[in-house]
Amino acid sequence: MGAPFEWTGRTDGDGPEHRRFWNAVVEPGSRGSSLAPRPAEGRAPDAALIGFASDEGVRRNKGRVGAAEGPRALRSALGSLAVHDELVVVDHGDVVVDDGDLEGGHRRLGEAIRAARQDAPLSVVLGGGHETAYGSHLGLGTRPRLGVLNLDAHFDLREADVPTSGTPFLQIARDRQAAGEEMHYAVVGISRTSNTGVLFETAESIGATWMLDDDAQEVAPAVEFVAGFLADLDEVYLTIDLDVLPAGAAPGVSAPAALGVPPFVVQAVCDAVVDSGKLVHLDVTELNPALDVDQRTAKLAARLIHRVITRETARRRTS
């Protein structure tokens, strides 16, 4: 694991009414010893964070590298976001891939997720290129009624000699097939101009469903599509590739979207997944801080992460 991130953020006062995300972060194995002041004493963790500092998959996929810096930028953007209720988040640090060994990185990420999930009901991985998704799959295992909902302009079902940021969901499909499990895979935001005919054929062959970016410009149809996908599932793994968003909202990605899905629609989809009560894991990928403008992409991504964690925590406490 990489060196621990030093969580900091704005401080306006000492009472809980001034609580921000960085105040909610605690060390692994701790329910009270915090990296920041004013921890929530004695509370079990509500969520676990793991970083995947990797852009080896992007490099192999001939994309613009830099996503390995994503976890640090996401934490930095999260730190000062206000938190209005009690929250405990455990930060397990980063799995780092800096030697070209993506396959080993996937194994280590899977192990880190399995360990983190022993204490926290929601695991959240901060990527990293979208190769992150295969490590998330290894951490969750082949659960029979687990669905994968991908918010992405791309299917990421490429055929390649080695794993890349473009192959993870084909890898997952083959693992599930080998285990005798059906692949439940849906994508919101697919761009027809960014996916070749063979990728649409591959998606059909594994039973995937998808919603084009053209059709996901408003909340109601996107939420209806997601509700239909979730209906027959027990659990869902939500993966957000930030290139699903319009380039103006998310310029800091390897492949900015010419059209994309509006942020408010993406947020509504996240809300629908949380409100279903089936969310077990989230990862957010493809942030490239070197390509970002005024931290625009990092701030939007942090808001989505914050919303999922806090909304899911509130839902569990009231259910």
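This is a predicted model: local features need pLDDT of at least 70, side-chain atom pairs count only at pLDDT 80 or more; totals for chains, interfaces and linings use all residues.
At 8% relative accessibility, Asp156 counts as buried, because buried means under 20% relative accessible area. Asp156 sits in the loop between strand 5 and helix 5. Its backbone has a positive phi of about 55°, although Asp156 is not a glycine.

Why does that deserve a note? Most residues other than glycine have a negative phi, and most peptide bonds are trans. Lys62 also has a positive phi, of about 65°, and is not a glycine. Lys62 lies in the loop between helix 1 (56-60) and helix 2 (70-78). Lys62 is exposed, with a relative accessible area of 76%. The peptide bond from Gly127 to Gly128 is cis, with omega near 20°. Gly128 belongs to the loop between strand 4 (123-127) and helix 4.

Now turn to charge. Side chains of opposite charge can pair when their charged atoms come close. How many salt bridges does the structure hold? There are 15. In one of them, Arg20 meets Asp12 at 2.5 Å, N to O. Arg20 is buried, with a relative accessible area of 15%. Asp12 is partly exposed, at 38%.

Another salt bridge joins Glu103 and Arg60 at 3.0 Å, N to O. Glu103 lies in helix 3 (residues 102-116) and Arg60 in helix 1, so the pair ties together parts that are 43 residues apart in sequence. Glu103 is partly exposed, at 28% relative accessibility. Arg60 is buried, with a relative accessible area of 18%.

Asp271 and Arg307 form a salt bridge too, at 2.7 Å, N to O. This pair links distant parts of the chain: Asp271 is in helix 8 (residues 263-275) and Arg307 in helix 9, 36 residues apart. Asp271 counts as buried at 10% relative accessibility. Arg307 counts as partly exposed at 25%. Some bridges share partners, and these join Glu56, Arg59, Arg60 and Glu103 into one network.

Arg19 tells another story. It is found in the segment before strand 1 (25-26). Arg19 is buried yet has no salt bridge. Which side chain of opposite charge is nearest to Arg19? It is Glu86, 5.2 Å away. The side chain of Arg19 instead reaches the backbone oxygen of Asp85 at 3.3 Å. Leaving aside neighbours within four places in sequence, Arg19 is in contact with Ala82, Val83, His84, Asp85 and Glu86.

Next, look for empty space. Rolling a probe the size of a water molecule over the atoms shows where empty space is left. The count comes to 2 cavities of 30 Å³ or more.

Gln171 counts as buried, at 16% relative accessibility. Not counting residues up to four places away in sequence, Gln171 touches Tyr134 and Pro163.

End with Ala290. It lies in the loop between strand 9 (279-285) and helix 9 (296-318). Ala290 is exposed, with a relative accessible area of 72%. The C-alpha atoms of Ala290 and Gly70 are separated by 9.4 Å, though these residues are 220 residues apart along the chain.

Definitions and conventions
Residues are numbered from 1 along each chain as its sequence is written. Side-chain values use heavy atoms; hydrogens and water are left out. Helices (H or I, at least four residues) and strands (E, at least two) are DSSP runs, numbered from the N terminus. Buried means under 20% relative accessible area, exposed over 50%, partly exposed in between (1.4 Å probe, protein chains only). Lys and Arg count as positive and Asp and Glu as negative; His and the chain ends are not counted. A salt bridge is a side-chain nitrogen of Lys or Arg within 4 Å of a carboxyl oxygen of Asp or Glu. A polar contact is a pair of N or O atoms within 3.5 Å; within protein, one must be able to donate a hydrogen and the other to accept it, and residues adjacent in sequence count only if both atoms are side-chain atoms. Contact means heavy atoms within 4.5 Å. On a 1 Å grid over the protein atoms alone, a cavity is a set of points where a 1.4 Å probe fits but cannot get out, and a pocket is an open set with protein on both sides within 12 Å along at least five of seven lines; lining residues have an atom within 4 Å of a point. Grid points are joined across faces, edges and corners, and a volume is the space filled by probe spheres set on the points.
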